[in-house]
Structure formats: structure tokens, C-alpha cells
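This briefing is for a reader who is meeting the structure for the first time. Please keep the sequence and the model at hand while reading the points that follow.

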Amino acid sequence: MNGYGKVPRPDPCVMELVSRLAREPWTDRPACVHPVLSSVARAAHDHSSSAGRRHLLPLAPRFINTSSVGFEASARLVALCVSTALASGELTGDERRRMAAAHRTALHLLGSEGDPGGAARWWLPAFGRLGWSEPFYRTFVATEHAAEAVAVTARTANGDRDVRLRSLLKLCLATQPKPSCSASAQKSWS
């Protein structure tokens, strides 16, 4: 057996299971999943205990066919993750500044605020002229903001880290349109 996907591991990532269910190549970045949602799932996996990782696996079918373009889905996921991190307290000064800037950018992209925060002041207009703003945000900026927010949430959880991360992941899934995955995949994991 060759390749990463063939190496047995005690705690498979929920995204790897999604790639199997979606009949995609074995990966933790399946194309059928929104990149920000995938980033949240990977971060939740990385910061969960072995038992917590196993509790994420039944969520796998809900990720299928969530990939979409547009600022709204990405910004909504970032706003949710960052709000959760900011509400958890005990952030360092740098974390609080980064989370606040990420939140301002997400709110701006959702049409809630007039001025984007942080580095978005330069890349939104510059990449916008080339039509690259949305893909850049969805693929690079939002994924990093969401992953850091999950890491902060995990770090500040007091003894209930697995529960909080699974709850956050379920909230993120609830913001997505209902996936249209196969009935057999839904039955086998419901």
C-alpha cells in the first residue's frame, strides 16, 4: 500500500472521510467542501482529543456539496468562528487584534460595515480590479482567520474543548445550504 491515504491512523480526519464518501481522491481538502468549512473541520480535528475526533466523524455527510463561491459563505463562517473565539475570553493582545480585524473584514463583506479591517484595506481593491478578491479571501484569508479562531476557542475552553469544537463545527454546518448527497451516504451516517 502506497500513499498517504493508505496509511492506517488511529484518528482519521473527518475531511478524509468526506473525500471517501464523495468518491474523491483521499485528501483532507475535498473539492466538494467549502474551503473555509474544511479549514474549520481540520482545525477542530487537530485540537480535539481522540474521543473528540471520533465524535466528529458522524458529521461527515453534512459537508458534502457545501463548496460555493461568493463572499457571503466565507465571511459568514469567519464571523461565526471569530465571534466564538472573541466570546471565549482570555485572548492575548495580538490574538484579540487579529480576531477583531478578521471580524471587521467579515462584517464588511457581509455588508454590515463600511470599512474593512486589517490588511483587507489594500488587497480587496487591488485584487478586485483583477477579479481575484473573492477567490483570494475564500481560499487564503478566510481559511487562516477561521483556523486561528478555532485554535483560540480550543485553547480557551475550560475542560469542555471537544464539546465546544464539535458545537462550533455543527453551527458552521448549519450556516451552509443543505447538501444534496446520496441517500445511502446519509443513511449510513445519520
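Helix 4 passes helix 7 in a left-handed crossing, a term used where the near helix is turned anticlockwise from the far one by less than a right angle, with right-handed used if clockwise. Helices (H or I, at least four residues) are DSSP runs, as are strands (E, at least two), and they are numbered from the N terminus. The model is predicted, so local features need pLDDT of at least 70 and side-chain atom pairs count only at pLDDT 80 or more, while totals for chains, interfaces and linings use all residues. Residues are numbered from 1 along each chain as its sequence is written, and side-chain values use heavy atoms, with hydrogens and water left out.

**Helix 4 and helix 7**

- The axes of helix 4 (residues 71–87) and helix 7 (residues 133–156) come within 8 Å and cross at roughly 20 degrees; axes are lines fitted to C-alpha atoms, for helices over the stretch in contact, and angles run from 0 to 180 degrees between N-to-C directions.

**Aromatic pairs**

- A search of the whole structure finds 2 aromatic pairs; rings of Phe, Tyr and Trp (its six-membered ring) pair if their centres lie within 6.5 Å, and planes under 30 degrees apart count as stacked, over 60 as edge-to-face and the rest as tilted.
- One of them joins Phe-71 and Tyr-137 in a tilted arrangement, 6.1 Å centre to centre with 50 degrees between the planes.
- Phe-71 lies in helix 4 and Tyr-137 in helix 7, so this pair ties together parts that are 66 residues apart in sequence.
- Phe-71 counts as partly exposed at 25% relative accessibility, whereas Tyr-137 counts as buried at 0% (buried is under 20% relative accessible area, exposed over 50%, partly exposed in between, with a 1.4 Å probe and protein chains only).
- Phe-136 and Phe-140 also form a tilted pair, 5.7 Å centre to centre with 45 degrees between the planes.
- Both Phe-136 and Phe-140 lie in helix 7, 4 residues apart, about one turn of the helix.
- Phe-136 is partly exposed at 24% relative accessibility, while Phe-140 is exposed at 52%.

**Two buried residues**

- Leu-77 lies in helix 4 and is buried, with a relative accessible area of 0%.
- Not counting residues up to four places away in sequence, Leu-77 touches His-34, Val-36, Leu-37, Cys-172, Thr-175 and Gln-176.
- Leu-77 and Thr-175 are 98 residues apart in sequence, yet 7.5 Å apart in space, C-alpha to C-alpha.
- His-145 lies in helix 7 and counts as buried at 19% relative accessibility.
- His-145 touches Val-78, Val-82, Met-99 and Ala-102, again not counting residues up to four places away in sequence.

**Helix 5 and helix 7**

- The axes of helix 5 (residues 93–109) and helix 7 come within 11 Å and cross at roughly 135 degrees, which makes helix 5 oblique to helix 7.
- Helix 5 passes helix 7 in a left-handed crossing.
- Residues of this contact include Met-99 and Ala-102 of helix 5, and Tyr-137, His-145 and Ala-149 of helix 7.
- The contact of helix 5 with helix 7 divides into 7 nonpolar, 2 polar and 4 charged residues.

- Helix 1 is mostly covered, with 7 of its 8 residues buried, among them Val-14, Glu-16 and Leu-21.
- Arg-23, in the loop between helix 1 (14–21) and helix 2 (35–46), has a positive phi near 60 degrees although it is a residue other than glycine.
- Arg-23 is exposed, with a relative accessible area of 75%.
- Asn-65, in the loop between helix 3 (50–56) and helix 4, is not a glycine and has a positive phi of about 65 degrees.
- Asn-65 is partly exposed, with a relative accessible area of 40%.

Methods: Contact means heavy atoms within 4.5 Å. Angles under 35 degrees count as roughly parallel, over 145 as roughly antiparallel, 65 to 115 as roughly perpendicular and the rest as oblique. Ala, Val, Leu, Ile, Met, Phe, Trp, Tyr, Cys and Pro count as nonpolar, Asp, Glu, Lys and Arg as charged, and the others, Gly among them, as polar.
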